[in-house]
Amino acid sequence: MTGASYRPPALRNAATAKIDGQLVYAIGDIHGSYLLLRDLLARIAADAAATARGRRPIIILLGDLIDRGPHSAQVVEAVAWLQRHHGFETRLLMGNHERAMIAFIDHPAEAGEWLLFGGDATLRCYGVEPPALGAPVRALIAARDALLQRMPAAHLLCLQQALPMLTLGDYAFVHAGIRPGRPITEQEEEDVLWIGAEFTASTERFEKIVVHGHSITEEVQWPGNRIGIDTGAYRSGILTALRIEDDWLRLIQTGKEEAPRAAA
């Protein structure tokens, strides 16, 4: 249980948005923040117990489970467990960090840049010392091989099977966003995993309300055409879930843990 809870206000009523009668919890970027995920899942479970009314709740993780934070392996294990747990229907979306890790596994000599934006933390979490900056190709290959030896097959399969996008009712769920001016069915993976300001600055009315992570903000963003829920868990201590029902949205968030007091 976190010590200092962050209590956000309820989001405004989404008066015309439908999600086919489902109860959905979308979770933003986790980045190895296992303790926050554990707390958030407990809150979601309690909320679902009070509101499901016979429905099987859906959890949608918006990608970037791994990197930067200290406990990527534990996060992936938790998500793999959720996918086997029949109390929830769990869907994982591909994030740019998962795609970068998979590229490193497939082609370590060409994809070593993954180590420069958080992959080093994931390697350490699996007990692999990251190669030094500028290390030769053989060191990258050795690190990849060591990772595959230590990573459970279920973890790799979980990440490899992540979806690029999911649509439910009036909502589209995606990691980074979509390319404005292009139909949702024609979006390219490069955009849905990596797009930034071209999407977040757009005032275009998209075909669906786009729920996304990737672009860190202190508060949840709701400009009307999209909902951004990446509140930078690994650095802010706030991990966000968005509960979606027909005509209604609400936030569930963890707070930053209080530092333990020194002994007197």
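Predicted model: local features only at pLDDT ≥ 70, side-chain atom pairs only at ≥ 80, totals over all residues.
What flanks β1? On one hand there's strand β2 (residues 58-61), which pairs with β1 in the parallel sense over four bridges, with Val24 standing opposite Ile58 of β2. Strand β8 (residues 240-245) is also joined to β1 by four bridges, but that pair runs antiparallel; here Tyr25 faces Arg243 of β8. Zooming out, β1 belongs to an open, five-strand sheet with mixed pairing, ordered β3-β2-β1-β8-β9. Its edges are β3 (89-92) and β9 (248-253), each pairing on one side only. Ignoring direction, neighbouring strands of the sheet are turned by 20° against each other on average.

Two helices pack on this sheet. Helix α1 (residues 34-51) lies across β1, β2, β8 and β9, at about 165° to β1. Helix α2 (residues 72-84) touches β2 and β3, and its direction makes about 135° with that of β3.

The helices also pack against each other, with axes 9 Å apart and an angle of about 30°. Angles under 35 degrees count as roughly parallel, so α1 and α2 are roughly parallel to each other. Their crossing is left-handed. On the α1 side the contact is made by Tyr34, Leu37 and Leu41, while α2 brings in Gln74, Val75, Ala78 and Leu82. Sorted by class, that's six nonpolar residues, one polar and no charged ones.

Notes
Residues numbered from 1 in each chain as written. Heavy atoms only, no water. Axes fitted to C-alpha atoms, helices over the stretch in contact; angles between N-to-C directions. Parallel < 35°, antiparallel > 145°, perpendicular 65-115°, else oblique. Left-handed = near helix turned anticlockwise from the far one by under 90°. Contact = heavy atoms within 4.5 Å. Nonpolar A, V, L, I, M, F, W, Y, C, P; charged D, E, K, R; others polar. Pairing = 2+ DSSP bridges.
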